[in-house]
Amino acid sequence: MRVSATARYLRGSTRKARLITSQIKGKPVEEAAALLRFMPQDAARDIGHVLKSATANAENNHNLAAADLFVADAIANEGPHTIKRWQPRAQGRAFPIHKPMTHITIVVADQEA
C-alpha cells in the first residue's frame, strides 16, 4: 500500500530540494531518516519532517509497520510563485531578490507492494 504526505509552500529552492529527494528514493524509511538527520542542507530538515509525517500516516491510518516501509517516491515541485523583493544598491540602482517556494511530496510503501 502506498501512503503519502505533502508539505506545501515551503520557502526554498526546488532545485536544492530535488538534490536531497533523489538521495532517499528507494531506501528504507529508517535509513532515509538517518541520512536526512546528518545532511547539512536546510532543505533536509523540511524533507525529514515530511518523511516522518508519511511514516506516521502509514502507521496510524493503515496499520503498517515502520520497519517494513521504504521511500517509493520523493518529489519536489515548484510552488505557485516566487516572492520578489528589491535590495537597494549603489548609485540608485535596485537588485532583485527572488525567494522561491516548493512543494514536497513523499510516498512510502510497504515491501509487499
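Trainee: What volume does the largest pocket have?

Mentor: This is a predicted model, in which local features need pLDDT of at least 70 and side-chain atom pairs count only at 80 or more, while totals for chains, interfaces and linings use all residues. Residues are numbered from 1 along each chain as its sequence is written, and side-chain values use heavy atoms, leaving out hydrogens and water. A pocket is an open set of points on a 1 Å grid where a 1.4 Å probe fits, with protein on both sides within 12 Å along at least five of seven lines, and its lining residues have an atom within 4 Å of a point. Taken as the space filled by probe spheres on joined points, the volume of the largest pocket is about 250 Å³.

Trainee: Which residues lie closest to the centre of the largest pocket?

Mentor: The elements giving two or more residues to this lining are β1, α1, α3 and β5, numbered from the N terminus as DSSP runs (helices H or I, at least four residues; strands E, at least two). Of the 16 lining residues, the closest to the centre are Ser13, Lys16, Ala17, Asp42 and Ala43.

Trainee: Which element gives the most to the lining of the second largest pocket?

Mentor: This second pocket, with a volume of about 210 Å³, is lined by residues including Ala33, Leu36, Arg37, Gly48 and Leu51. With six residues, the element that gives the most is α3.

Trainee: Which residues does Leu51 contact, leaving aside neighbours within four places in sequence?

Mentor: Leu51 also belongs to the lining of the second largest pocket. With contact meaning heavy atoms within 4.5 Å, the partners of Leu51 beyond those neighbours are Val29, Ala32, Ala33, Leu36, Val71, Ile106 and Val108.
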